[in-house]
Amino acid sequence: MSISERLQELDELYRNGTLLREEYEAARRRVLEEPGAFAGAQQLEEIRIQNEIAQLDREWLLERENYMLPTRYGHRRVPGKTGSVLGGIVAVGFGILWTGMASSMAAIGGGPFNFFPFVGVLFILFGAGMSVVGFMKSVQHDEAQRRYQRRRAEIQNRARVS
């Protein structure tokens, strides 16, 4: 018989007049003070905390997607700060090299080579832009991950306390 059923039975006996007020209170206290009386409540609290952590983990996986960039083969990854800066340096360096070479070719040959320096400038702008975007997404990801870890630790600490 569950605790709630036993308490309902005691309540019914009291309302029928079978138990006096003092007897009812004493019996109710004994039922509530029995070892394991609230084991079910503790299990429910543990399940609630586990569900809260699982929900937080699912939300983090969805939020993490916002910070990812596509890779060459269709996968997605969170950009790193170092990789973003190095990629930007390489792209800008190549763009500067391209622009310098194309400018000298345009000065010597003219004709169809006149637009090549423009391509180098576009390469510089694109490389610098992608570097900044990757760096910013990396910073945002790190901040969001710290918030997630802090919230997860708070929930786990609450579970240890209760």
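**Salt bridges and a buried serine in a predicted model**

Modeller: Arg-21 forms a salt bridge with Glu-25, their closest N and O atoms lying 3.4 Å apart, where a salt bridge is a side-chain nitrogen of Lys or Arg within 4 Å of a carboxyl oxygen of Asp or Glu. This is a predicted model, in which local features need pLDDT of at least 70, side-chain atom pairs count only at pLDDT 80 or more, and totals for chains, interfaces and linings use all residues. Residues are numbered from 1 along each chain as its sequence is written, and side-chain values use heavy atoms, with hydrogens and water left out.

Biologist: In which helix do Arg-21 and Glu-25 both lie?

Modeller: Helices (H or I, at least four residues) and strands (E, at least two) are DSSP runs, numbered from the N terminus. Arg-21 and Glu-25 are four residues apart, about one turn of the helix, and the element that holds both is helix 2 (residues 21-33).

Biologist: What is the relative accessibility of Glu-25?

Modeller: Buried means under 20% relative accessible area, exposed over 50%, and partly exposed in between, with a 1.4 Å probe and protein chains only. Arg-21 is partly exposed at 45%, and Glu-25 also counts as partly exposed, its relative accessibility being 26%.

Biologist: How many residues apart in sequence are the parts that Glu-52 and Arg-158 tie together?

Modeller: The side chains of Glu-52 and Arg-158 meet in a salt bridge at 2.8 Å, N to O. Glu-52 lies in helix 3 (residues 39-64) and Arg-158 in helix 5 (residues 116-161), so the parts that this pair ties together are separated in sequence by 106 residues.

Biologist: Which residue forms a salt bridge with Arg-152?

Modeller: Arg-152 is partly exposed, with a relative accessible area of 23%. The closest N and O atoms of its salt bridge are 2.9 Å apart, and the partner is Asp-57. Arg-152 lies in helix 5 and its partner in helix 3, so the pair ties together parts that are 95 residues apart in sequence, the helix 3 residue being Asp-57.

Biologist: Is Ser-84 buried or exposed?

Modeller: Ser-84 lies in helix 4 (residues 81-109). With a relative accessibility of 10%, Ser-84 counts as buried.

Biologist: Which residue's backbone nitrogen does the side chain of Ser-84 reach?

Modeller: Leaving aside neighbours within four places in sequence, Ser-84 is in contact (heavy atoms within 4.5 Å) with residues including Pro-79, Ser-131 and Gly-134. The backbone nitrogen that its side chain reaches, at 3.4 Å, belongs to Phe-135.

Technical notes
Polar contact = N/O pair within 3.5 Å; in protein donor to acceptor, adjacent residues only side chain to side chain.
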